[in-house]
Amino acid sequence: MTKPIIGLQIYSIRDHLKTKEDFITSMKKVAEIGYTTIEIAGVGADLSDEEIKQICDKAGLKIISAHLMKDLFDADFEGTVQKLKTWGTGLVTMPVPPAYVRENGEYEKFAQESNQLGAKLASEGITLSYHNHSFEFQKFDGKLGIETLYEIADPDNLKAQLDVCWVQRGGGSVVAYIEKYTGRMPTIHFKDHSIVDNDFYMTPVGEGNLDWPNIIKAAEAAGAQYFIVEQDDTHGDAFGAIASSYNFLKSMGYE
């Protein structure tokens, strides 16, 4: 089994990706920290797909995945596939579901549509995943939304990009969910949280309350290829936060 590689979801540093110059500088900083792979999201700069790829290549960063909304594929399937091919990645993840899921809990419909999209993408050599938050842990007709989604969609057509922090926030057992989706999880999102003044507070990986030794062990056993660091709120120190997460995972034997 190949050892998982540490990646960065660059949404974590989105406030530093608003111009071409920002993007160039930030990719250099990410590489200097030690990251070699990234997942694309949150790029505010007006850059072509080719420019993004060239800048990342120059910094020594491989684009291994991207977060793209399902709506993009619905509106322009061929163009969105070409975007991924230009970036050189065969992995794409839907970061949130369509509005009808959030508003009406229609997970069966979303599962069926995701299954169709995943099969279509597979014919292009691209693997589709879904990234959970905590709202998928709401029950509809006695069943959690996240379980309905993954039970209906074929594992070959829809993979699970578990976000371990949101699983815990939703009340799920992180290790149990990782084990549940063994073989269905090419990427996994690593983020951490603690409680400050009785409120949920995101932290760099290893600085919060999650059970990292067991999470890491389970994720590797489940076949995750990439441990992708993401921190939605870095509390004003984006590069310090992603460096802390990287250094923690490196101390655990990964790079």
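The model is predicted. Helix α1 (residues 20–33) contacts both helix α11 (residues 238–251) and helix α2 (residues 49–59). Two packed helices are described by the angle between their axes and the distance between the axes.

**Helix α1 with helix α11**

- The axes of α1 and α11 come within 10 Å and cross at roughly 30°.
- Because angles under 35 degrees count as roughly parallel, α1 is roughly parallel to α11.
- The crossing of these two helices, α1 and α11, is right-handed.
- On the α1 side the contact uses S26, K29, V30 and I33, and on the α11 side it uses F239, I242, A243 and Y246.
- Sorted by class, the residues of this contact are 6 nonpolar, 1 polar and 1 charged.

**Helix α1 with helix α2**

- Helices α1 and α2 pack with their axes 9 Å apart, at an angle of about 35°.
- The crossing of α1 and α2 is right-handed.
- From α1, the residues K20, F23, I24, M27, K28 and A31 take part, and from α2 the residues E51, I52, I55, C56 and A59.
- This contact of α1 with α2 has 8 nonpolar and 3 charged residues, and no polar ones.

**Helix α10 and its surroundings**

- In helix α10 (residues 212–221), the buried residues are W212, I215, I216, A218, A219 and E220.
- These buried residues pack against three helices, namely α8 (164–169), α9 (174–180) and α11.
- The buried residues of α10 also pack against the strands β9 (187–190), β10 (192–196) and β12 (226–229).
- Just after α10 comes G223, which takes a positive phi of about 95°.

**Cysteines**

- A disulfide is a covalent bond between the sulfur atoms of two cysteines.
- The count of disulfides in this model comes to 0, with a cut-off of 2.5 Å between the sulfur atoms.
- C56, one of the α2 residues in the contact with α1, has a relative accessible area of 0% and is therefore buried.
- C165 is likewise buried, because its relative accessible area is 0%.

**Histidine 133**

- H133 lies in the loop between β5 (127–131) and β6 (139–140).
- The relative accessibility of H133 is 17%, so H133 counts as buried, since the cut-off for buried is under 20%.
- Leaving out residues up to four places away in sequence, H133 touches P95, V96 and W166.

Terms used: Residues are numbered from 1 along each chain as its sequence is written. This is a predicted model: local features need pLDDT of at least 70, side-chain atom pairs count only at pLDDT 80 or more; totals for chains, interfaces and linings use all residues. Side-chain values use heavy atoms; hydrogens and water are left out. Axes are lines fitted to C-alpha atoms, for helices over the stretch in contact, and angles run from 0 to 180 degrees between N-to-C directions. Helices (H or I, at least four residues) and strands (E, at least two) are DSSP runs, numbered from the N terminus. Angles under 35 degrees count as roughly parallel, over 145 as roughly antiparallel, 65 to 115 as roughly perpendicular and the rest as oblique. A crossing is left-handed if the near helix is turned anticlockwise from the far one by less than a right angle, and right-handed if clockwise. Contact means heavy atoms within 4.5 Å. Ala, Val, Leu, Ile, Met, Phe, Trp, Tyr, Cys and Pro count as nonpolar, Asp, Glu, Lys and Arg as charged, and the others, Gly among them, as polar. Buried means under 20% relative accessible area, exposed over 50%, partly exposed in between (1.4 Å probe, protein chains only).
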